[in-house]
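Me: Please help me to understand the terms that are applied to the structure shown here. I should like each one to be set against its definition.

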Amino acid sequence: MERWIVYGVCCCWWLAASGQALESVFGAYNLELEFPSPQERERALREGLYDPASVIPIDVDVYYKHGDATPSIFVTIPRFAKGVPYSLAYVTNEMRPNGTLLQAYPSYEWHKSHGADCNGLTSVYRTQIDECGRMWILDSGEIDFIQHCPPQLYAIDLESGKVVHQYKMPKRLYKEGVSRFVTPTVELDPHNCDVGFVYMADSIGDGIVVYDVAAQQSWRIENKFTYPHPDFGTFTIAGESFQLWDGTVSTTITPHGLGGRRMMYFHSLSSEWQMAIPLDVVNNGSNWRLNDVSAALDQFQLLGKRGSQCVAAAMSESGFLICGLVQPASILAWNIRSSYSHQNLVMLVEDEQRLQFASGLKIVRNHDGKEELWVLSNRLQKAFGSGLDYKEINFRIQKCGLQELLGGRPCY
């Protein structure tokens, strides 16, 4: 029998599952990074290109290769500051004193120019691996708030390691020195491996860029709904507060096969609003040609309010929208067939210790074909505030079978 308890926070109520805990996969006091040689590590330290205190992971992505029960695990490390030697890595099997060793992906060469070569990677916040084994990498192009390269999108085939798509964003679609593209969402044809559209969230520029892959065309959506909300610029986690003024951070789309009109769901990081807009409106470039903040404004729907900020989000194949809630530190679920109200928001798991700022969240299909939820948390309130305590585990990757999590059963 499933047991549910009622939780009240921030003048809002959620249903919460009791006794749930995610399975721990990875934990680190500080990230351990591999270099091509000891000499290269020393050079990076000497020139200020490596500062261990600047290395903060944001996202996790997972790939199960040809039925292999052990997946490849990737993490992103945005260049908030100069001292990040590479911005995308994979988890190795080698243990070091601070945690498992990370290795640059696709290679160290892709990152070492630190923005001097725009054919490499400059700064990556999040990725998405599609069901055909391609990693879509959204590169913001900026380091320490300085735009070195145009934002761009890469797709890499994880089997061959080859780049299968690259798109450099034209200047008309981003605000140089302001925009920060943080999250890609891929719209994949269920019958083949064709990608129709990629949606790219610009959190500091407060908008969404839509990229029609086949037509090689793109347009920008920006209005009052993609902006932050003034009442939610303060984030309080585990008793510590910091300020973030971020707009749209996440987009998800209605999965195929549910019937009805498909929607895009999105939210700003510094907001409690959950928004939606019909996907056919988003995908029609003629609606957005003038970059007008009033364009198709009547098509945007405020579905409801959470009472707290959400960070990353993901959509299950059965239509559950999952997000990492900031306060309390938890994983929140909503069935998109229901109204976005307190009766229908379910807190799947709360963990004030291990879910402090769940900035990375993915739903992936494992070797058995079952959906899994993967979460990365990073204690960002400490990194942006009093500083991380490297005697404690600061960075965690956790997972759970999605059906187990939704059903209130123990994670396997």
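Me: Where is phenylalanine 225 found?

Reply: Phenylalanine 225 is in the loop between strand 18 (217-221) and strand 19 (234-237). Strands (E, at least two residues) and helices (H or I, at least four) are DSSP runs, numbered from the N terminus. This is a predicted model, in which local features need pLDDT of at least 70 and side-chain atom pairs count only at pLDDT 80 or more, whereas totals for chains, interfaces and linings use all residues. Residues are numbered from 1 along each chain as its sequence is written, and side-chain values use heavy atoms, with hydrogens and water left out.

Me: Why does phenylalanine 225 count as buried?

Reply: A residue is buried under 20% relative accessible area, exposed over 50%, and partly exposed in between (1.4 Å probe, protein chains only). Phenylalanine 225 has 13% relative accessibility, and therefore counts as buried.

Me: What makes tyrosine 154 count as buried?

Reply: Its relative accessibility is 1%, so tyrosine 154 counts as buried. This residue belongs to strand 13 (residues 152-157). Not counting residues up to four places away in sequence, tyrosine 154 touches several others, including Trp110, Cys118, Trp136, Val163 and His165. Phenylalanine 320 is 166 residues away along the chain, with 28 Å between its C-alpha atom and that of tyrosine 154.

Me: Why does lysine 399 count as buried?

Reply: Lysine 399 counts as buried because its relative accessibility is 14%. Its place is in strand 31 (residues 395-401). Beyond neighbours within four places in sequence, its contacts include Leu22, Tyr64, Glu372 and Cys411. By contrast, glycine 83 is 29 Å from lysine 399, C-alpha to C-alpha, and 316 residues away in sequence.

Me: Why does glutamate 372 count as buried?

Reply: Glutamate 372, in strand 30 (residues 371-377), has 2% relative accessibility and therefore counts as buried. Alanine 53 lies 319 residues from glutamate 372 in sequence and 31 Å from it in space, C-alpha to C-alpha.

Me: What is the phi of histidine 114, and how do you know that this residue is buried?

Reply: Histidine 114 has a positive phi of about 50° although it is not a glycine. This residue is found in the loop between strand 8 and strand 9. Its relative accessible area is 13%, so histidine 114 is buried. Phenylalanine 357 also is not a glycine, and has a positive phi of about 65°. It lies in the loop between strand 28 (345-350) and strand 29 (358-365). With 4% relative accessibility, phenylalanine 357 counts as buried.

Me: Which residues does a cis peptide bond join, with omega about -5°?

Reply: Such a bond joins glutamine 327 and proline 328. Proline 328 is in the loop between strand 26 (320-325) and strand 27 (330-335). The peptide bond from tyrosine 105 to proline 106 is cis as well, with omega near -5°, and proline 106 has its place in the loop between strand 8 (99-104) and strand 9 (124-129).

Me: How do you know that the radius of gyration agrees with a compact globule?

Reply: The radius is taken over C-alpha atoms, and the globule rule is 2.2 Å times the number of residues to the power 0.38. For 412 residues a compact globule would have a radius near 22 Å; the chain has 20 Å, and therefore agrees. Its C-alpha atoms fill a box of roughly 60 × 50 × 45 Å along the principal axes. The chain contains 4 helices and 31 strands, and 60% of its 412 residues are buried.

Me: What pLDDT does the chain average?

Reply: The chain averages 93, and 95% of the residues score at least 70; pLDDT is the predictor's confidence in each residue, from 0 to 100. Over residues 1-14 the pLDDT is below 50, although this stretch has 39 contacts in the model beyond near neighbours in sequence. Where pLDDT is low, the predicted coordinates should not be read in detail.

Key
Contact means heavy atoms within 4.5 Å.
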